[in-house]
Amino acid sequence: MTSAPAAKTVITFDDRTVRRFMLASILWGAVGMLAGVFIALQLNFHELNLASWLSFGRLRPLHTNAVIFAFVGNMMFAGVYYSAQRLCKARMASDFLSNVHFWGWQLIIVAAAVTLPLGLTRGQEYAELIWPINVAVALIWGVFAVNFFWTLAKRNEPSLYVALWFYIATIITVAMLYIVNHLSIPTSWTHSYTLFAGVQNALVQWWYGHNAVAFFLTTPILGIMYYFLPKAVERPVYSYRLSIVHFWSLVFIYIWAGPHHLLNTALPKWLQMLGMFFSLMLWAPSWGGMLNGLLTLRGAWDKLRTDPVVKFYIAAVTFYGMSTFEGPLLSIRAVNALSHYSDWTIGHVHAGALGWNGLMAAGLFYWLTPKLYGSRLHSVAWANFHFWIATIGILIYVASMWVSGIMQGLMLNATNAQGTALVYPNFIETLISIRAMMGFRIIGGTLYLAGFLLMALNLWMTMRKGKPVEESREVAVIDRGAKDTMGMRETFLNDPVAYMFAGLFLVLAWLFLPPGADIAALLCAGFFSVIAVKKFREGHGRWSGWYDSLLNNWLPFTVLTFVAVALGGLIQIIPTVTVNRAKNVEDRIQQVYTPLELAGRDLYVSEGCYNCHSQMIRTMLPDVLRYGDYSRLGESIYDHPFQWGSKRTGPDLARLGGKYPHSWHYDHMMEPRSTSVGSNMPSYPHLFTDKFDQKSLLRKIAVMTRLGVPYPAMTADEIKMQALEQAVKIAEELKAQGKVAAPDTQIVALIAYLQKLGKFDTPEVERKLTPHGVPFPLQPALPDSHRKTVSQNP
């Protein structure tokens, strides 16, 4: 008896949303790259810092956010919406949610473009947006997730194709990373303090920052590669088995690698080694994915000569391979000692963002546009020219940053034969030596931007020749029983998952147990691995059958993916929650900022000074000789957010306090070249006229108190009085040094903060002092009926 034929239905895909996201990506891509070329010019020509809202420190976050979230983000959504519908053989579940997603995301980008130049920032790389925008990002990402998973539930294709695996990992992991890293307590509608501080903040930030690259700029683009590259070359993916290994090893290993951004710092050594260990392991899955992409062209290499789409895809995958080779290389502590804080890292990031993401986006747009508008590409010759000018441009850019980074790193780390003195003690000397390479960066970036604009013109002409079309397709409607029937018990209680978790537990035991016990754990891990291989050989069909069943069930697959990515973060972050407390610090404890110093610190963050200056002296002889004693874990314990930095266009500031008189800082902020000949730092004349914010100090100190900073109870009047007392004292000292500044101006608050940097106490001494060294008033200075204390107004 034969079964009844499956019912058929005609589906019209939602290609309007795809077109919208593609056009938005092109628009914002041009904006982001133009901003990038402009700030590159500013580094060579400081005169281009034309106003406070056009300064490098404020525009650099605009550039990074525009490229990551506006350009690549919209490109990713276009690729996901197009491919997911066809892989699921179903229209997106809700047109309403698709519209909310598109318009909500564009409004977020506009809000970022307005607030960042105004100096409204959280002060953390790739996480600068103020808290109302972050709430919007989380909500709109949730809309995208609901629409995507709802579509999976409605799908008319039982098995999940490999591209969908990467989309699933992207959606759940980005949500986890973004929410945890952006946890903050607001002080106003435009300002907040991060929940985490110091070393814990550093770890969480780079757990997010590194994996934002992994799960926003890599995994979704790999999913796009797995769908669109085979379509372009009309060949199946080279190896399905390799794609399984690529996916699971990548999503599990990537999440652990964040600490390699903090090597040789105050981060506990075990976390540094853990980050380096897992970063080196990334070589295997990353290159496995690259080879899977390149070998998909087997038998179709001739298309590389004739089809510009294939050119862009293959160049992009090659850049992916190059970047994922360089990333683990830079995570080796000895290499990182040279590369970190230098332009080498900048080159590495741009090889990924422009080489991998940018060229992949170009290939995607050239492939999509004729199909979405029912026409032929306007000019293949223009597309080929775009390929060459973009490739040459990014190669010039990356090569110049390699030379610049290695040259400056070697100069900064050079000591005499005895190791007692620096060969190049003047930081500016190293900056001047790389000016030519910074010029080549401008040339490379301009070439890449020119190619992108040529692509935009080519695609616009292609759209004009056609009209928007919506693809319709007849599909067989599958039975509900043919998909999504696996329960959680069947998902987790089986040999593959059991052996995986047992092996992971034993490897972690090897990493954390004391000598002797760690060797026993390692031997047990090896023993379990042998048993697992034996069981796999004996029950290969059973293991494969379980995985095939898993691919027919989107929810168990999603839960298993979430477990794989969440483990690394939990194991790394939870221990630092207890470490990063004053009672656990055995060496030095940071002195609490006075109200005026806190106001100055907020100005430092607002102006984006962390983009060029670090506040972390590494445990390296050259750093100690240049900047002073290396930084301790407790010296940033009250910093919300931390300001360790990741790039030194200027010197480290961790021990700046008391190094120069107030007048030096005054002159340096008014005209940096008056104190540092050859500096490319912008001037900040507005600091000398604008007033620092006194009204919000009560709320800010209240939030800091909630976060664990040991401020005594103070009224609003007492806070204002202490801030003005310290400001008046600094203004008087400036006057004695021949400088004039009103006590309530921003420059006075900033000087107060800069002079506090590097000040610490030992754990036995608990400082609660006013600017004049008088103990903070612990008893009410006003009648209780008139007191409005910090603790009462959190």
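A: In this predicted model, the helices that each supply at least two residues of the lining of the largest pocket are H8 (240–254), H9 (269–281), H19 (495–512), H20 (517–538), H21 (540–550) and H22 (554–579). Among these contributors, H8 gives the most, with eight residues. The lining comprises 35 residues in total, and those nearest the centre of the pocket are Val245, Trp248, Pro496, Met500 and Trp543. Two of these central residues, Val245 and Trp248, fall within the span of H8. Pro496 and Met500 belong to the stretch of H19, and Trp543 to that of H21. By class, the lining of the largest pocket holds 27 nonpolar residues, together with five polar and three charged ones. The volume of this pocket is about 1500 Å³.

The second largest pocket may be set beside it. Its space amounts to about 790 Å³, and 42 residues line it. His613, Gly650, Pro651, Leu653 and His668 lie nearest the centre of the second largest pocket. Two or more lining residues come from each of H1 (15–44), H2, H16 (427–433), H24 (621–627), H25 (662–670) and H28 (746–756). Of the elements in this lining, H25 provides the largest share, four residues. The class division of the second largest pocket is 23 nonpolar, 14 polar and five charged residues.

In the loop between H24 and H25 lies Pro641, which is joined to His640 by a cis peptide bond with omega of about 0 degrees.

H2, one of the elements lining the second largest pocket, also packs against another helix. H2 spans residues 56–88 and meets H14 (residues 343–373) at an angle of about 40 degrees, the two axes being 10 Å apart. The crossing of H2 past H14 is left-handed. On the H2 side, the contact is made by Arg60, His63, Phe71, Val72, Met75, Gly79 and Tyr82. The H14 side includes Ile346, His350, Asn357, Gly358, Met360, Ala361 and Leu364, as well as Phe365, Trp367, Leu368, Lys371 and Leu372. The residues of this contact comprise 12 nonpolar, five polar and two charged.

Of 50 aromatic pairs in the structure, one is formed by Phe77 and Trp105, in an edge-to-face arrangement with 5.1 Å between centres and 85 degrees between the planes. This pair links distant parts of the chain, for Phe77 is in H2 and Trp105 is in H3 (residues 95–115), 28 residues apart.

Beyond H3, a backbone feature deserves mention. Tyr126 is situated in the loop between H3 and H4 (131–154). Although Tyr126 is not a glycine, its phi is positive, at about 65 degrees. Most residues other than glycine have a negative phi, and most peptide bonds are trans.

Conventions
Residues are numbered from 1 along each chain as its sequence is written. This is a predicted model: local features need pLDDT of at least 70, side-chain atom pairs count only at pLDDT 80 or more; totals for chains, interfaces and linings use all residues. Side-chain values use heavy atoms; hydrogens and water are left out. Axes are lines fitted to C-alpha atoms, for helices over the stretch in contact, and angles run from 0 to 180 degrees between N-to-C directions. A crossing is left-handed if the near helix is turned anticlockwise from the far one by less than a right angle, and right-handed if clockwise. Contact means heavy atoms within 4.5 Å. Ala, Val, Leu, Ile, Met, Phe, Trp, Tyr, Cys and Pro count as nonpolar, Asp, Glu, Lys and Arg as charged, and the others, Gly among them, as polar. On a 1 Å grid over the protein atoms alone, a cavity is a set of points where a 1.4 Å probe fits but cannot get out, and a pocket is an open set with protein on both sides within 12 Å along at least five of seven lines; lining residues have an atom within 4 Å of a point. Grid points are joined across faces, edges and corners, and a volume is the space filled by probe spheres set on the points. Rings of Phe, Tyr and Trp (its six-membered ring) pair if their centres lie within 6.5 Å; planes under 30 degrees apart count as stacked, over 60 as edge-to-face and the rest as tilted.
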